[in-house]
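Dear colleague,

Please find below the structure that I am handing over to you. My findings follow directly after it.

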Amino acid sequence: MMSVAQPAAPKTPVARILSTGALGVAVAASLLAVIDGESLELYLIDTPSLALAVGAAIVLLAAYRFARVGRVYACLGLGAGSYALAFSLIALITPHTGDAGAGFWAYVVVAWAMAWLCVEEMAALEPRDPMLRRLVSLAIPLTFGIWLLILWQVLVVGFAVPRVLLPPPSEVWLRLLASPEVLWKDFQQTFLKGVLIGYAIGCASGFLIAILVDRVPFLRRGLLPIGNLVSALPIIGVAPIMVMWFGFDWPSKAAVVIIMTFFPMLVNTVTGLAAADRIQHDLMHTYAADHRQTLVKMRLPMAMPFIFNALKINSTLALIGAIVAEFFGTPIVGMGFRISTEVGRMNIDMVWASIAVAALAGSLFYGLVALVERVVTFWHPSVRG
Amino acid sequence: MTSETLSPPVRSPFAGLMSGTAGPVLVVVAALLAVWYLAAVMLNTPFQRDIYKRGGLEDVSLVQLMTDTLAQDRPVLPSPHQVAVEIWETTAEKKITSKRSLVYHSSITLSSTLLGFLMGTTLGILLAIGIVHSRVLDKSLMPWVIASQTIPILAIAPMIIVVLNAIGVSGLLPKALISTYLSFFPVTVGMVKGLRSPEIIQLDLMKTYSASASQTLWKLRLPSAAPYLFASMKVGVAASLVGAIVGELPTGAVAGLGARLLAGSYYGQTVQIWSALIVAAILAAGLVSLIGLGERIVLKRMGMAR
């Protein structure tokens, strides 16, 4: 509770301008029409729930601007106020697609400004408790993400963007809930079969070849420049060839993933195995360690940051490789297949649902690798902080 | 280790040639070519034997079999010289404006690559400047910049193109947007690191000069970020080429290297696929080494060359 007692710090110029501007806009916009349709015109007085949210926003902004409010209170108040305003705006516009008036957009701007101020105060908070600190560093990007979704929803509904171009996130969410078994089958086909098998084989073979290459300096000098070059090449182009060789089902996707993940792993492992210093080699030598002992006890642990770097790069590459390979031909299942066919059938909400699944799978995969990295390379300066 | 260095040096005639990188690289490339030829013979043999059987030809000599497998029309794996001949025929011997000229297709892919790369680099630099100067952006945007790359954005490529087509934007821009998305990330991450690379003592010096934030940016931060910029541009340009090629796949584009790949896979023209692939690789290597060249010249003039 130490942090609650923190006195209000002087505001930055941006915060001053933003809060004054938002306050002015919020007050002035009460004269404008919120809903401005052909047959319907609604003002703030006609929409009690929005009027309540706007009133709260004005009070909060005024308090923030003119009174000395503690940081934590400012954060919580502005955050809650901005979400209340945003959700009442969404609730108001949903039945009146495309009829948003000038007042509506003014309140959207006010809500966004409040969220920005909230994030600004949050970023300035420096809680001593590590737990709270982690919470804050998680809350800030989360706020940004949620606001991205809110703006998407508001803009698409407010401007009545055609569904075939861009569906609002709420519809994507409904589609996601409505067709879990289709999405699960796609996920199984693309991720559990193509991506994971290809990733495992590609990374493992890259690692093993790297250890072999490392024994022969001649090969190391010859392969490393080539490996570096290949890492920059558009390897994804082999996808049509692999589909021809291995057929439409998942083995061809796994083959593309193997080729895409092999070279980053090879190059990074070879570089990592060279990371140990002369003096460390000498120490192992004084212990009379043989090649295998030096490798297992010193050089491989030293190479782990590099290996995990490759594993992280590959986690993204693998998913991309498998999905793009499906553009060249699949059985009637798979994320890439779903995306390319539903685009053709103008079911854009299904496309976004597939993309959401892919994004979630990709982020979780990456996060998992990063988590394992923290455990394995606990000694590295970047992990110790 | 030590015992090796202590033993008397054995002077082999190849010692000088093989101790650098050029020799080993050449040997490895030669080995790869040999493997390619071997694989071509082995992969193409079953089909060739089929032809012989249908033609009623008995005991064909091994040499005959090998030459035949390396000269098939639609081989499973074309041999290197077939690909080389195809590339030569479609670049040097065709008019540049011809639909069958690889130069024509490359130029289309290259133009959207470069446009996307330019937009991505600009966006990346601007984002990095914003992130370095605003704590709000640093804390809220940076995690999303990183998360954006764990999302397989290439999956959206078909949709971006179809949607933009529907609202009347077609041609170069949709493909370039995909390249932009792929190339902004390395530039942002590299530039944030680069703009933060000046040491405290240098920033303090700027403060004693009472330099404004923009003066510090132009005179200290941007110059010291130059090496980082070039390193990340190399990654970015390779990524934007991938973006442009993939951007050509889903819409059944009629021109571009990606379209050549797609057409080749529809009609089983393996030689065409491989030649498009090799040309794409040459293009990528060329772009990366061009940026490397720029890097060397700029850093030398700035006195930062290593």
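In this predicted model, helix α7 (residues 180-215) of chain A and α12(A) cross at roughly 145°, and their axes come within 8 Å. The crossing of these two helices, α7(A) and α12(A), is right-handed. Sorted by class, the residues of the contact of α7(A) with α12(A) comprise 14 nonpolar, five polar and four charged.

On the α1(A) side, the contact is made by A:Ala15, A:Arg16, A:Ser19, A:Thr20, A:Ala22, A:Leu23, A:Ala26 and A:Val27. From α2(A), the contributing residues are A:Val54, A:Ile58, A:Leu61, A:Ala62, A:Tyr64, A:Arg65 and A:Phe66.

I turn now to the interface of the two chains. In chain A, 49 residues are in contact with 54 residues of chain B. The area buried between chain A and chain B is about 4500 Å², and carbon and sulfur atoms give 84% of this area. Between chain A and chain B the count of salt bridges is zero, while one residue pair in polar contact is found across the interface, with both residues at pLDDT 80 or more.

The elements of chain A that give two or more residues to the side touching chain B are α4 (102-124), α5 (130-158), α8 (217-231), α9 (239-246), α12 (291-326), α13 (335-344) and α14 (348-376). The largest share of that side, nine residues, comes from α14(A). By class, the residues of the side of chain A that touches chain B are 39 nonpolar, seven polar and three charged.

With kind regards

Key: Residues numbered from 1 in each chain as written. Chains lettered and ligands numbered in written order. Predicted model: local features only at pLDDT ≥ 70, side-chain atom pairs only at ≥ 80, totals over all residues. Heavy atoms only, no water. Contact = heavy atoms within 4.5 Å. Helix = DSSP H or I, 4+ residues; strand = E, 2+ residues; numbered from the N terminus. Buried area = accessible area lost by both parts, 1.4 Å probe. Salt bridge = Lys/Arg side-chain N within 4 Å of Asp/Glu carboxyl O. Polar contact = N/O pair within 3.5 Å; in protein donor to acceptor, adjacent residues only side chain to side chain. Nonpolar A, V, L, I, M, F, W, Y, C, P; charged D, E, K, R; others polar. Axes fitted to C-alpha atoms, helices over the stretch in contact; angles between N-to-C directions. Left-handed = near helix turned anticlockwise from the far one by under 90°.
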